[in-house]
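Reader: I have a chain open on my screen and would like to talk it through. Could you put it up here as well, so that we can start with its surface?

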Amino acid sequence: MDIRSIMTADPTCCSTDTTVREVAQLMKERDCGLIPVVDGHRKPVGVITDRDIVVRAMAEDDFSSSATVGKYMTSPVTTISSQCSLDECAEVMEQNQIRRVVVVDEQGCVAGIVAQADIALAGRDGRTAEVVKQVSRPA
């Protein structure tokens, strides 16, 4: 199965200079928990997750209006090619113990995101169970 058929295409992205408050608002508006952080050419330099905001920013008690994504993002970012198969995608998620992975096009620009839920909705119950098991195992 082609990964492009299950990914969320053309996701909202932000830059390292985006404020944490702005990215939290984007997450609320788009009903998502991960936003790719990109450079000026839409190449991923990291990701910011709702967990990054809660655990990192709140732990540092940083609620200033100037707190930026660059300080709290997860980097480097794990990516897969838009040419990957579903099995290759699942393997990357398992190996890196991540619930979502950024998909890049031939130029290395953000093309989409694949989440565990996307794999589940693709009807691959056995594969979904394996991804959940491997991603959730203790490090």
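**Surface and overall layout**

Author: The accessible surface of the chain comes to about 7500 Å², and 50% of that belongs to carbon and sulfur atoms; the areas come from the Shrake-Rupley method with a 1.4 Å probe, and for residues only the protein chains shown count as cover. This is a predicted model, in which local features need pLDDT of at least 70 and side-chain atom pairs count only at pLDDT 80 or more, while totals for chains, interfaces and linings use all residues. Residues are numbered from 1 along each chain as its sequence is written, and side-chain values use heavy atoms, with hydrogens and water left out.

Reader: What share of the 139 residues counts as buried?

Author: Of the 139 residues, 44% count as buried, where buried means under 20% relative accessible area, exposed means over 50%, and partly exposed lies in between (1.4 Å probe, protein chains only).

Reader: And how many helices and strands are there?

Author: The chain has six helices and six strands, and along the sequence they follow the pattern β-α-β-β-α-α-β-α-β-β-α-α. Helices (H or I, at least four residues) and strands (E, at least two) are DSSP runs, numbered from the N terminus.

Reader: Let's take H1, then: which of its residues are buried?

Author: Val20, Val23, Leu26 and Met27 are the buried residues of H1. Seen down the axis of H1, they fall within an arc of 120°, so they line one face of the helix; the arc is that of the directions from the helix axis to the C-beta atoms. On the other side of H1, Arg21, Lys28 and Glu29 are exposed.

Reader: Why would residues three or four places apart point the same way?

Author: An α-helix has 3.6 residues a turn, so residues at that spacing point the same way.

Reader: What do the buried residues of H1 pack against?

Author: They pack against strand E2 (34-38), E3, H2 and H3, with contact taken as heavy atoms within 4.5 Å.

Reader: How about H2, which residues are buried there?

Author: In helix H2 (residues 50-59), Asp52, Ile53 and Ala57 are buried. Down the axis of H2 these buried residues fall within an arc of 95°, so they too line one face of the helix, whereas Arg51 and Ala59, on the other side of H2, are exposed. The buried residues of H2 pack against helix H1 (20-30), strand E3 (44-49) and helix H3 (69-72).

Reader: Changing topic, which residues have the most contacts inside the largest nonpolar core?

Author: That core has 16 residues, and those with the most contacts inside it are Ile3, Ile80, Cys89, Val101, Val114 and Ile119. A nonpolar core is a set of buried Ala, Val, Leu, Ile, Met, Phe, Trp, Tyr and Cys residues joined through side-chain atoms within 4.5 Å. Helix H4 (86-96), strand E5 (100-104) and strand E6 (110-115) each supply at least two residues of this core, and H4 gives the most, with five residues. A second, separate core of 14 residues includes Val20, Val37, Ile48 and Ile53.

Reader: Last one: how many disulfides does a search of the whole structure find?

Author: The search finds zero disulfides, a disulfide being a pair of cysteine sulfur atoms within 2.5 Å.

Reader: Where is the nearest cysteine sulfur to cysteine 84?

Author: The nearest is that of cysteine 89, 7.0 Å away, and cysteine 84 is buried, with a relative accessible area of 14%. The sulfur of cysteine 109 is 9.8 Å from the closest cysteine sulfur, in cysteine 13, too far for a bond; cysteine 109 is buried, with a relative accessible area of 15%.
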